[in-house]
Amino acid sequence: MITAEETLPNQLRAAAMIALTTHGDGCPDRVVHERAAGLLRRVADAVESGGRLRAGERDAALQTARAYLKDREPAEAAA
């Protein structure tokens, strides 16, 4: 298992990976999950580099990450 320091950018990237791997090609909402993953990666990059974000973009990414990570925890506990 690969582990990474639990920084905000790493958590956002983890949520992006979960969004894409748990909603594969057969998912009818695949485009929505791809956009969410793009937002998460863009905010992670901006947080690391000190780049600028649009108004509300950071909050939207945090809310999105919480949703993907929350959904993931019960699945991992059941496995």
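This is a predicted model: local features need pLDDT of at least 70, side-chain atom pairs count only at pLDDT 80 or more; totals for chains, interfaces and linings use all residues.
Me: Which helix has the lowest mean pLDDT, and which the highest?
Reply: The protein chain has three helices and zero strands, and its pLDDT averages 84, with 84% of the residues scoring at least 70. Over residues 74–79 the pLDDT stays under 50, and the model has zero contacts beyond four places in sequence for them. Among the elements of the chain, the lowest mean, 76, belongs to helix H3 (residues 57–78), and the highest, 94, to helix H2.

Me: Is His33 buried or exposed?
Reply: His33 has its place in helix H2, which spans residues 30–49. Leaving aside neighbours within four places in sequence, His33 is in contact with Ala19, Leu20, His23, Cys27 and Tyr68. Its relative accessibility is 11%, and because buried means under 20%, His33 counts as buried.

Me: With which side chain does the side chain of His33 make a polar contact?
Reply: Tyr68 is one of the residues in contact with His33 once neighbours within four places in sequence are left aside. The two side chains also make a polar contact, at 2.6 Å, and the partner of His33 in it is therefore, within the polar-contact limit of 3.5 Å, Tyr68.

Me: Which parts does the pair of Asp45 and Arg13 tie together?
Reply: The side chains of Asp45 and Arg13 meet in a salt bridge, with 2.5 Å from N to O. Because Asp45 lies in helix H2 and Arg13 in helix H1 (residues 8–22), the pair ties together parts that are 32 residues apart in sequence. Asp45 counts as partly exposed at 41% relative accessibility, and Arg13 is partly exposed at 25%. The parts tied together are those holding the two residues, helix H2 and helix H1.

Me: What is the relative accessible area of Glu57?
Reply: Glu57 forms a salt bridge with Arg42, the closest N and O atoms being 2.8 Å apart, and this pair links helix H3, where Glu57 lies, to Arg42 in helix H2, 15 residues apart. The side chain of Glu57 also meets that of Arg54 in a salt bridge, at 3.1 Å from N to O. Arg42 is partly exposed at 39% and Arg54 is exposed at 58%, whereas Glu57 is buried, with a relative accessible area of 7%.

Technical notes: Residues are numbered from 1 along each chain as its sequence is written. Side-chain values use heavy atoms; hydrogens and water are left out. Helices (H or I, at least four residues) and strands (E, at least two) are DSSP runs, numbered from the N terminus. Buried means under 20% relative accessible area, exposed over 50%, partly exposed in between (1.4 Å probe, protein chains only). A polar contact is a pair of N or O atoms within 3.5 Å; within protein, one must be able to donate a hydrogen and the other to accept it, and residues adjacent in sequence count only if both atoms are side-chain atoms. Contact means heavy atoms within 4.5 Å. pLDDT is the predictor's confidence in each residue, from 0 to 100. A salt bridge is a side-chain nitrogen of Lys or Arg within 4 Å of a carboxyl oxygen of Asp or Glu.
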